[in-house]
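Biologist: I am new to this structure. Please show it to me, and then I will ask my questions.

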Amino acid sequence: MLGFVPSADLPALYRHADVFAFPSLYEGFGLPVLEALASGTPTLISRDPALMEVAGDGVGATVEARSVDEIAHGLLRLMSETDLRATAQWRGPARARLFHWDTCARRTLAVYRDVARVPKRLPAAS
């Protein structure tokens, strides 16, 4: 158990890991998954909708987060199936390239602009 890891050390950890396992029960976005994919690390995620959306086809294995058997089987597959590992290693970075901070900033600004156009007073309830 590493405990807290400084952000500057994360790329090396991802890059040198055999697999990255993130069987989360609930996620809002899944930035660690995106970081692992960008590093070309074969990744195991839960079937959480947010993680599935982030990972797309770049992930190596998906599992039920509450199933120890599925997690164990998924890890075994990622460690032993050469073709699955190779596919995950090239699909992950390709998937991660679809996400850019500039795009995020532009979309966030667009939301703020839309909200600013909402009438200041809501219609009275009838």
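Modeller: A term to begin with: contact means heavy atoms within 4.5 Å. This is a predicted model: local features need pLDDT of at least 70, side-chain atom pairs count only at pLDDT 80 or more, and totals for chains, interfaces and linings use all residues. Residues are numbered from 1 along each chain as its sequence is written, while side-chain values use heavy atoms, with hydrogens and water left out.

Biologist: In what order do the elements of the chain run?

Modeller: Helices (H or I, at least four residues) and strands (E, at least two) are DSSP runs, numbered from the N terminus. The chain has 6 helices and 3 strands. From the N terminus on, they run α-β-α-β-α-β-α-α-α.

Biologist: What is the radius of gyration of the chain?

Modeller: The radius is taken over C-alpha atoms, and the globule rule is 2.2 Å times the number of residues to the power 0.38. For 126 residues that rule gives 14 Å. The chain is well over this, so it is more spread out than a compact globule, with a radius of gyration of 19 Å.

Biologist: Is Ile-45 buried or exposed?

Modeller: Buried means under 20% relative accessible area, exposed over 50%, and partly exposed in between (1.4 Å probe, protein chains only). Ile-45 sits in strand E2. Leaving aside neighbours within four places in sequence, its contacts include Phe-22, Val-33, Leu-51 and Val-63. With a relative accessible area of 0%, Ile-45 is buried.

Biologist: Which residues of helix H2 are buried, and why do they line one face?

Modeller: Take residues 31-38, the span of H2. Seen down the axis, the buried residues fall within an arc of 160 degrees (from the directions from the helix axis to the C-beta atoms), so they line one face of the helix. Their cover includes helix H1 (10-16), strand E1 (20-22) and helix H5 (82-96). The buried residues are Val-33, Leu-34, Ala-36 and Leu-37.

Biologist: Which residues form a nonpolar patch with about 350 Å² of accessible area?

Modeller: Patches are made of residues with over 30% relative accessible area and no salt bridge: like charges are joined within 9 Å, nonpolar side chains (Val, Leu, Ile, Met, Phe, Trp, Tyr) within 5 Å. Accessible areas come from the Shrake-Rupley method with a 1.4 Å probe, and for residues only the protein chains shown count as cover. One member lies in helix H2 and is partly exposed, at 36%. The patch is formed by Phe-29, Leu-31 and Trp-101.

Biologist: Which residue meets Glu-70 in a salt bridge?

Modeller: A salt bridge is a side-chain nitrogen of Lys or Arg within 4 Å of a carboxyl oxygen of Asp or Glu. Here the N to O distance is 3.0 Å. Glu-70 lies in helix H4 (residues 68-80) and its partner in the loop between E2 and H3, so the pair ties together parts that are 23 residues apart in sequence. That partner is Arg-47.

Biologist: How many salt bridges are there in the whole structure?

Modeller: One joins Arg-77 and Glu-81 (3.2 Å, N to O). Another joins Arg-117 and Asp-114, the closest N and O atoms being 3.0 Å apart; Arg-117 is exposed. With the Glu-70 and Arg-47 pair, the search of the whole structure finds 3.
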